[in-house]
Amino acid sequence: MNSFRNLGSSRVTSLLLIVNIIVFAIMSFTGGSENISNLIRFGAVVKSDIANGQWWRLFTASFIHIGLPHILFNMYFLYQIGPVFEGLYGSRNFLIIYILAGVMGNLVSFAFGNPSTVSAGASTSLYGLFGLALGIMLNYRGDSMLSSFGASFLSVIAINIVYSLLSPSVGLLGHLGGLLAGVILTGVFPIINRSLATSTQVISVTAFVALSILFVIIGLRTAV
């Protein structure tokens with residue numbers, strides 16, 4: 001019951017859940033969520049298409065899921081941890097972080113992924129939230145409560161990375177990209193009622209932009 005109350009006060013998490021479920025339902029009734037052609041039609045990551053100018057796929061792919069287990073697993077995690085981080089960062093910044101983590105995760109898939117692979121899923125953004133936990137642990141070392149909160153995610157992150165390594169169907173590259181984005185973005189967006197040094201924010205923004213450009217360049221070179 002407490003989880004439902006927390007979800008009710010987390011507008012962005014609720015919205016993201018609804019959007020993901022609606023997209024999955026539409027895909028299921030218009031060709032199937034595991035149909036490659038349908039995945040491509042709805043905006044999954046395809047290296048050649050992105051290289052040819054369909055950059056919107058870096059955004060849309062984070063709202064597409066491949067099969068029922070995929071969306072159930074991801075939505076469960078979003079339902080569990082979304083309200084926690086939305087409460088820490090506020091709805092607006094949480095949404096920005098969620099989207100940017102998804103984009104960077106998909107950029108890493110674009111840069112280093114197999115040209116014949118089609119990838120999608122909210123896990124790029126969800127790993128961004130895991131990255132936030134790591135970043136909180138690093139950026140708020142002087143705050144024992146926040147530092148302990150970040151450290152509490154270490155075992156969950158380790159388990160999920162091992163699972164990604166052992167499961168060939170899981171997009172490890174996207175996960176690592178989302179994780180990296182989350183760590184960097186903790187240096188950009190302060191937790192509510194906390195502050196970050198201006199130098200930390202400048203360095204973090206620069207790092208995010210520079211890495212994004214680098215991944216774009218690598219992706220364009222390897223898409224052929």
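## A cavity, a helix pair and an exposed loop residue

Helix H7 gives the largest share of the lining of the largest cavity, four residues. This is a predicted model, in which local features need pLDDT of at least 70 and side-chain atom pairs count only at pLDDT 80 or more, while totals for chains, interfaces and linings use all residues. Residues are numbered from 1 along each chain as its sequence is written, and side-chain values use heavy atoms, leaving out hydrogens and water.

Let's stay with the cavity. The largest cavity holds about 40 Å³ of space. Leu58, Phe59, Ser62, Phe63, Tyr98, Ile99, Gly102, Val103 and Ser125 line this cavity. Helix H5 (57–60) and helix H7 (91–112) are the elements that give two or more residues to the lining.

Now for a helix pair. Two packed helices are described by the angle between their axes and the distance between the axes. The axes of helix H2 (residues 11–29) and helix H6 (residues 68–89) come within 9 Å and cross at roughly 170°. That makes H2 roughly antiparallel to H6 (angles over 145 degrees count as roughly antiparallel). Among the residues that meet are Leu16 and Phe24 in H2, and Met75 and Tyr79 in H6.

Here is the make-up of both groups:

| Group | Nonpolar | Polar | Charged |
|---|---|---|---|
| Contact of H2 with H6 | 11 residues | three residues | two residues |

Finally, look at Asn193, in the loop between helix H11 (172–185) and helix H12 (198–222). Asn193 has a positive phi of about 70°, although it is not a glycine. Is Asn193 buried or exposed? With 74% relative accessibility, Asn193 counts as exposed (over 50%, whereas buried means under 20%).

Terms used
Axes fitted to C-alpha atoms, helices over the stretch in contact; angles between N-to-C directions. Parallel < 35°, antiparallel > 145°, perpendicular 65-115°, else oblique. Contact = heavy atoms within 4.5 Å. Nonpolar A, V, L, I, M, F, W, Y, C, P; charged D, E, K, R; others polar. Buried < 20%, exposed > 50% of the residue type's maximum accessible area, 1.4 Å probe, protein only. 1 Å grid on protein atoms, 1.4 Å probe; cavity = no way out; pocket = protein on both sides within 12 Å on 5 of 7 lines; lining within 4 Å. Points joined across faces, edges and corners; volume = space filled by probe spheres on them.
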